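Please open the model in a viewer and keep the selection panel at hand.

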Amino acid sequence: MSIRNSFTIDGERVDFEPGQSILQAALAAGVFIPHLCFHPEFSAHGSCKLCTVVVNGRNGSACTIAAMPGQEVRSDTPELNQRRRMLLQMLFVEGNHFCPGCEKSGNCKLQAMAYELEMFNDHFQHFFPDRGPVDASHPEVMLDRNRCIQCELCVRASRDIDGKEVFSLAGRGPASHLVVNAASGLLGDTPFAATDKAAEVCPVGAIMVKRVGFTAPIGRRKYDGASIRDQIEHPAPAQEG
Amino acid sequence: MQGLDDTLGQILTAHRKDPRRLVQILRAAQSEAGWISPEIAAFLADELCMPISRIHAVVQFYAFLYDRPVGRYRVLFSDNIIDRMLGSVALRQHMQRRMKVGRGAVSADGLVSIDTTSCTGMGDQGPALMINNRQIVRLTTRRIDEICDLMRDGAPLEDWPSHYFTISDRIRRAESLLGTSYVPGKALAQAIELGPQGVLDDLRRSNLRGRGGAGFTTAMKWELCAEAEAETRYIICNADEGEPGTFKDRVLLNSFAERIFEGMAIGGYAIGARHGVIYLRGEYDYLRAPLEMKLAAMRQRGLLGTNVLGVPGFDFDIEIQMGAGAYICGEETALIESLEGKPGRPRIRPPFPVTRGYNDMPSVVNNVETLCKVVEVMRIGGRAYALLGTKQSTGSKLISVSGDVARPGVYEYPFGVRIQTVLDDCGATDVAAVQISGAGGMTLAPHEFGRRIAFEDVPTSGAFMVFNRSRDMFEVARNFMHFFAHESCGFCTPCRVGCALSASIMDKIAAGLGAQYELNELTRLGAVMRTSSHCGLGQTAGNAVADTLQKFRPDYERRLMAGDFAPAFDLDAALERARQVTSREDAQAHLEGVA
């Protein structure tokens with residue numbers, strides 16, 4: 001790798017392939033930058049803002065800024081992590097994220113990120129949103145909009161991978177919420193399936209496949225043993241043929 | 001339903017069944033049916049071959065699209081702080097009492113619904129309201145009473161006294177833009193004489209900068225767009241004048257429209273664009289028909305259409321697309337999303353619109369005023385133009401003056417004018433503060449009135465709201481914070497949640513439950529919103545709170561309670577539901593009773 005295609009994160013050199021974002025290059029190099037709405041298999045969204053870093057003195061989302069030679073990126077600093085904690089607290093109070101009563105606990109990226117960033121409380125006043133009742137109309141999957149963090153991963157997965165466009169984000173501001181592609185508004189009336197990519201990408205407990213919630217006991221779930229920092233997800237290798 | 005299907009079919013045909021025209025289609029459908037019913041949504045989804053969820057996403061994003069029935073008369077009171085200072089709240093409550101309907105509700109007989117809306121651009125002649133997309137200004141109790149009678153009688157709006165709907169220009173001071181005569185086509189002829197590159201060169205010499213607020217050099221924007229490889233390019237006029245307290249574009253659209261069109265045509269000539277689009281805010285719907293007429297007249301004169309001014313191959317025409325009540329659509333990439341029939345959420349930049357904009361083609365988005373200035377540059381030449389104003393901020397600027405002044409209206413000054421000069425000219429006395437450039441701009445205190453309006457000192461998109469010493473700057477900031485909470489598109493965490501949290505903290509302070517703790521919280525939230533938000537809305541949403549906290553702290557402190565902290569959560573009130581269920585009202589069922 002030529003010296004030209006490298007930049008630094010907190011002083012550490014990171015090589016990149018042209019076309020990669022700062023976040024992609026960092027994760028590929030094993031340098032963790034907290035993120036929620038980014039997923040290696042999808043185009044960047046840039047909405048959760050957890051990956052906000054300082055690039056050559058300017059704030060920006062690591063997932064949407066192209067990696068450039070010689071960039072000086074600051075990420076793991078007390079100030080930026082404090083900001084990230086606050087963004088996490090915002091996401092926690094905006095929805096109904098009560099870990100002890102949620103079957104996603106242990107597999108939840110929001111929770112894992114909160115542990116990783118040492119967020120010890122919700123701090124702000126809870127919104128207790130009412131984005132409608134739990135939609136259990138689908139035989140295999142349930143949808144709890146009040147646990148949604150509006151990352152639009154399901155929107156992207158259903159549209160770009162499953163080819164179904166089951167989900168959209170509707171409304172504005174704090175009233176934003178998921179809607180599904182059915183005149184009835186019910187997930188059960190869409191072509192959604194538990195095997196869809198959109199069913200597995202939800203980082204929180206908004207889209208939950210039924211009857212498997214406790215197949216792995218609490219204590220032996222994805223983030224119970226190791227921090228999310230040490231379990232960086234990489235894009236699936238390209239299929240041969 | 002058959003009749004409605006036919007009507008919808010006609011609307012769809014008129015819009016070529018193009019899903020990218022969804023916002024326009026929904027507006028048209030709603031003006032026929034009153035609201036977007038589930039049947040209409042399903043019909044449109046079917047005809048446009050799109051998921052119904054996409055229809056819902058759009059309808060629920062725009063304030064002027066409704067997915068539930070509204071009154072046959074939809075009354076929306078402009079809720080900017082200036083309207084409030086002119087008594088809009090009392091007038092609204094008066095109307096609500098007379099029509100027996102709560103805020104945000106529909107009367108039992110379906111006749112009327114009453115609500116508030118963000119600044120409607122009538123700050124110089126408020127208080128103002130909108131009724132079924134028409135604007136009524138200079139409201140008084142008497143006029144509200146008359147309106148109530150007309151609504152009760154079911155009188156169609158066309159039969160209402162026409163003077164209700166008369167909007168004045170109120171030009172108070174004119175310079176090179178408002179004060180010069182205009183000969184249609186002269187600037188465009190000059191442009192053709194210069195040739196496309198010559199236009200860009202002259203524009204660069206003028207150092208004209210965008211009037212929307214950010215101040216990007218217009219020549220550079222046009223050059224970047226001209227250089228981008230593409231078959232098609234667009235000139236888009238941003239007429240989504242939503243910044244609270246701004247109304248100068250309204251005046252330009254009303255009385256100087258030909259210059260806007262000609263500025264767009266010059267742009268089309270310079271960058272090789274054949275299509276122009278004006279994105280007109282929904283609040284200015286009443287301007288649409290006159291604008292269409294003026295466009296037709298321009299076409300007749302050969303200033304628009306094919307072979308414009310007889311130049312073979314120079315084809316350029318303009319169409320108007322309407323907004324539907326979303327402040328964020330003034331942000332250029334959100335505007336483009338809206339033009340493409342989507343919710344107005346700002347895009348990730350880069351790519352910038354000059355390389356990939358409307359329909360993924362290179363697009364120039366210019367403010368209404370900027371396009372008028374292009375005509376001026378062509379008329380007097382770039383060098384002469386650059387002599388006006390200051391070195392970094394050439395030419396003149398339109399200022400929308402409202403609030404505690406004797407003569408509200410539009411004032412045109414060369415850049416570099418001092419705040420105090422504007423205050424003197426508009427008859428403002430005993431001034432405590434001036435809010436520059438809208439809700440996200442700067443709040444200036446008297447010791448700053450010597451500063452100058454210019455990109456290098458006090459930049460502005462044009463709003464100039466004046467507050468005298470009787471005003472409460474805390475309430476001003478609280479109004480702005482609620483504005484942002486209402487208008488945040490919801491895309492990014494810091495703005496979506498931060499604005500809502502900040503607004504509720506301001507409410508808590510207003511309720512007398514705030515302490516020093518809350519002031520610190522506002523500062524902390526403001527910092528995260530400023531540094532982490534996706535676009536300018538979130539980045540500037542905390543400005544007014546930060547500025548007033550610093551400069552008008554007593555307005556906050558006199559509301560604070562003595563203690564360190566009080567919860568906003570009212571435990572006793574939260575027990576009300578339990579009391580109702582158990583039919584208890586005794587002392588033991590109340591917290592103080594337990595103590």
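Begin at the interface of domain 1 and domain 2 of chain A, where the rule finds one salt bridge (a side-chain nitrogen of Lys or Arg within 4 Å of a carboxyl oxygen of Asp or Glu). Select E41(A) and K197(A): these residues form a salt bridge, with their closest N and O atoms 3.1 Å apart. By class, the side of domain 1 of chain A that touches domain 2 of chain A comprises eleven nonpolar, eight polar and two charged residues; here Ala, Val, Leu, Ile, Met, Phe, Trp, Tyr, Cys and Pro count as nonpolar, Asp, Glu, Lys and Arg as charged, and the others, Gly among them, as polar.

This is a predicted model: local features need pLDDT of at least 70, side-chain atom pairs count only at pLDDT 80 or more, and totals for chains, interfaces and linings use all residues. Residues are numbered from 1 along each chain as its sequence is written, chains are lettered from A and ligands numbered from 1 in the order in which they are written, and side-chain values use heavy atoms, with hydrogens and water left out.

Next, colour chain A by domain: residues 15–76 are domain 1 and residues 82–212 are domain 2, with bounds from an automatic or database domain assignment. Their C-alpha centres lie 23 Å apart. The contact (heavy atoms within 4.5 Å) takes 21 residues from domain 1 of chain A and 20 residues from domain 2 of chain A. The two domains bury about 1,700 Å² between them, carbon and sulfur atoms giving 62%; buried area is the accessible area (1.4 Å probe) that two parts lose on being put together, summed over both. Select L36(A), F42(A) and L50(A), which lose the most area in domain 1 of chain A to domain 2 of chain A, together 41% of what that side buries.

Now move to chain B and select domain 2 (73–168) and domain 3 (173–386). Their centres, taken over C-alpha atoms, are separated by 33 Å. Domain 2 of chain B contributes 13 residues to the contact and domain 3 of chain B eleven residues. About 990 Å² is buried between these domains, 53% of it on carbon and sulfur atoms. Highlight C119(B), G121(B) and N133(B): they supply 37% of the area that domain 2 of chain B buries against domain 3 of chain B, more than any other three residues.

Which residue forms a salt bridge with R250(B)? Select D124(B), whose pairing with R250(B) brings the closest N and O atoms to 2.9 Å apart.
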